[in-house]
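Student: Please pick out one part of this model and go through it closely, working from local residues up to a domain boundary. Give the cut-offs as you use them.

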Amino acid sequence: MIQTITTTPFSDQRPGTSGLRKKVSHFQQPHYLENFVQAIFDTQTALKGGTLVVGGDGRYYNRHAVQIILRMAAANGVNRVIVGAGGLLSTPAASAVIRKYQTQGGIILSASHNPGGEDGDFGIKFNSDNGGPAAEQITEAIYARTKTITHYAIVESEEIAIDQPQTTALGEMAIEIIDPVSDYAELMESLFDFNAIRTMLASGTTLRFDAMHAITGPYATEILEGRLGAAPGSVINGIPLPDFGGHHPDPNLAHAKELVEELFSATPPDFGAASDGDGDRNMILGANFFVTPSDSLAVMAANAHLIPAYRNGLSGIARSMPTSCAADRVAAHLGIDHYETPTGWKFFGNLLDSGRATLCGEESFGTSSGHVREKDGLWAVLFWLNILAVRQESVAAIVQQHWQQFGRNFYTRHDYEAVDATTAQQLMTDLEQRLPSLVGTELAGLEVSSADNFSYLDPVDASVSKGQGLRICFSDGSRIIFRLSGTGTVGATLRLYIEKYEPDPQRQSEETQTILQPLITAALELSQLQQRSGRSAPDVIT
Ligand code: G16
C-alpha cells in the first residue's frame, strides 16, 4: 500500500562537497531523510522503472535509512534495487556496482571520515549512472526540489530482510541483496598483478592495514589476507562498528594513531595503510615514513606503467586545486595533460568519462582512476603494493628517488575546526578583497605572482564553478591557499594549505613544518586567522 505523506521543506538540505552531511539527530527529525530521498526520486526520473543501488558505510542510522529508502523506492516506481548485504557497500564498491550492472544510479549512505554513532554524523548522496557523485547541476536540482516539497511516497512494510544475499520483492519492486565484497574484489584482481604481490608477501614483506573499525574491514580482510596471503592480523580494527569504536575514522597522522606509532616504532612493518569510514580515502606509510597524499599521486603516476591496468600509459592526471603541484611535474615529464579542479570528487567525473584523465588525486587522502568514479582507498593500497612488488625497494627509497628526479613539493594543511561560521566567512571575504593588491609584492621573502579566488571552467561541459578557494601563488611555485571545508557539520572548518617547491636534493630531507614556517607565518599575519578565530594553533596538521 503506497502512502502519500504530507511534509514541509527544510531549508538546509543543500548538498556540500560530497552529499548532505549532518548530525544523526538532525537526520532523525521527522521527514528529514524522507524529504531528501523524495527530492532524489522527483529529479532523477530515470530511476522510475530503472535500477538503483543502495548501500552505506554501516554507521549508526545506516540500517534505518536503508529500510526507508527501499520503501520509498517501491512507492516511486523503481523496478529493482541492488543492496549490499547488511545495507553495506563501501563508496568505491558502490560505484563499481553501479557501473557493472549498468544501473541508473545509487544512493550512498555515509558521512565518510566524520565520526559516527548516535551523537556522530550521518550522510546521504546520490551517484549517477556513471558511478560518480552527482554533478553540481544535479545536486542543485535536488536541493531546489527540497525547497518546494509538499509530499513524499512510501509503502507500508514490515522490516525488510537485508542481511543475506538473496532476491526478494517489495510490491512490484525486486530487491537483490548482494555480497558487498565480491564484485569489488574481482575488479581489483583485474587491475593489479596479484601474483607478484602474493610472491612479495610470501617472501617476507610485512604490512599493516588499519580499517579503523569502518567499512573497509571486510574488503581488506578478503583481499589482503584472503586473496593475497598477507599474514593473519595484517588487517587491524577490521570489524565495522556503527560508532567506529568511538574513533574518528579519518586516515591521517592525527587519527590513525595506532598505525602511525607502529610504522614509526623500532620494528616497523615494511608497509602501512589506512582507509576511512566509507573506504574511499587512503593513507600510505612506509617503515618510518609518511607519504603525503599529493606525493602519493605523483609517485603513482610516475610508476603507473608498472601496473597491468595502466601499462599502456595514462591519458592525463587531474588533481584538486589545493593538492600540491607534484603530479603536474610528472604529467609534464610524461607529455600528458594535467587538470586542476575544485575540491570534490564530482569534478573529476567529466574528465574520466571523456577519457581526458586516467588518474585523479586530492590532498585530502584521496586517489583513484577511471576504474570507478569515486576515490578508492583499497585500490590505492594495492597500487602501492604492486609498485613495491615490481621495484623491490622500500617506500622511502621510492619517494626519495622521486624527489631527486622531479624535485620535492613540501606540503602541509592546517585545519581550524568548528570556527564560528560568520567569523570564517568574514575572514574569507576580507582576504579576497585584498588579493589584487598583493600581486607583485613580497611575502615571506617571495614574490607574489598571482592571487585570486579559484574558478573552474569544466573543459567537457563548459560549466563554471566559482568561489572554490583563495590562492596566493608565488613566482617560485610556492602557494598559500585558504578554503572553507564543505564537509564539516559544526560551524566552519577553515583550511590553510601551504606548499613550497624544492628542487635541491640536499634540502629535500628537511622537516616539512620548518621549511614551510615562513609561509605559514605570512599566511596567518595576512589573514589574522588566529586572532579572528580565537585559536592559537590548528586542530589538525596533516
Ligand atoms: C570529500 C570529497 C573530496 C574532498 C573532501 C574534503 O571527501 O569527496 O573530494 O576532497 O571531501 O572536502 P572539504 O575540504 O570540503 O572538507 P569524503 O572522503 O569526505 O567524501
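Tutor: Contact means heavy atoms within 4.5 Å. The model is predicted, so to speak with care: local features need pLDDT of at least 70, side-chain atom pairs count only at 80 or more, and totals for chains, interfaces and linings use all residues. Residues are numbered from 1 along each chain as written, and side-chain values use heavy atoms, without hydrogens or water.

Begin with alanine 537, which touches Tyr416 and Gln530 when residues up to four places away in sequence are left out. Alanine 537 sits in the loop between helix 17 (529-533) and strand 27 (540-541); helices (H or I, at least four residues) and strands (E, at least two) are DSSP runs. Its relative accessibility is 40%, which makes alanine 537 partly exposed (buried is under 20%, exposed over 50%, 1.4 Å probe, protein chains only). The C-alpha atoms of alanine 537 and aspartate 415 lie 9.0 Å apart, although 122 residues separate the two in sequence.

Next comes the boundary between two domains. The domain assignment, automatic or from a database, divides the chain into domain 1 (2-179), domain 2 (184-406) and domain 3 (408-541). The centres of domain 1 and domain 3, taken over C-alpha atoms, are 35 Å apart. In domain 1, 10 residues are in contact with eight residues of domain 3. The two domains bury about 620 Å² between them, with 40% of this given by carbon and sulfur atoms (accessible area lost on putting the parts together, 1.4 Å probe, summed over both). Of the area that domain 1 buries against domain 3, Thr17, Arg21 and Glu136 supply 51%, more than any other three residues. Two residue pairs, both at pLDDT 80 or more, are in polar contact across this interface (donor and acceptor N or O within 3.5 Å; sequence neighbours count only if both atoms are side-chain). On the side of domain 1 that touches domain 3, strand 2 (20-23) and helix 5 (136-146) are the elements that give two or more residues.

Helix 4 (residues 91-100) is a case of burial: eight of its 10 residues are buried, so the helix is largely enclosed by the rest of the structure. The buried ones are Thr91, Pro92, Ala93, Ala94, Ser95, Ala96, Val97 and Ile98. At the start of helix 4, a side-chain oxygen of serine 90 comes to within 3.1 Å of the backbone nitrogen of alanine 93. After the helix comes glutamine 102, with a positive phi near 45°.

Two loop residues also have positive phi. Methionine 212, in the loop between strand 10 (207-210) and helix 8, is not a glycine, yet its phi is about 55°. With 6% relative accessibility, methionine 212 counts as buried. Alanine 462 has a phi near 60° and lies in the loop between strand 22 (456-457) and strand 23 (464-465). At 52% relative accessibility, alanine 462 is exposed.

Serine 234 is buried, at 4% relative accessibility. A polar atom of the serine 234 side chain is 2.5 Å from the backbone oxygen of alanine 231. Leaving out residues up to four places away in sequence, serine 234 touches Leu207, Arg208, Phe209 and Glu225.
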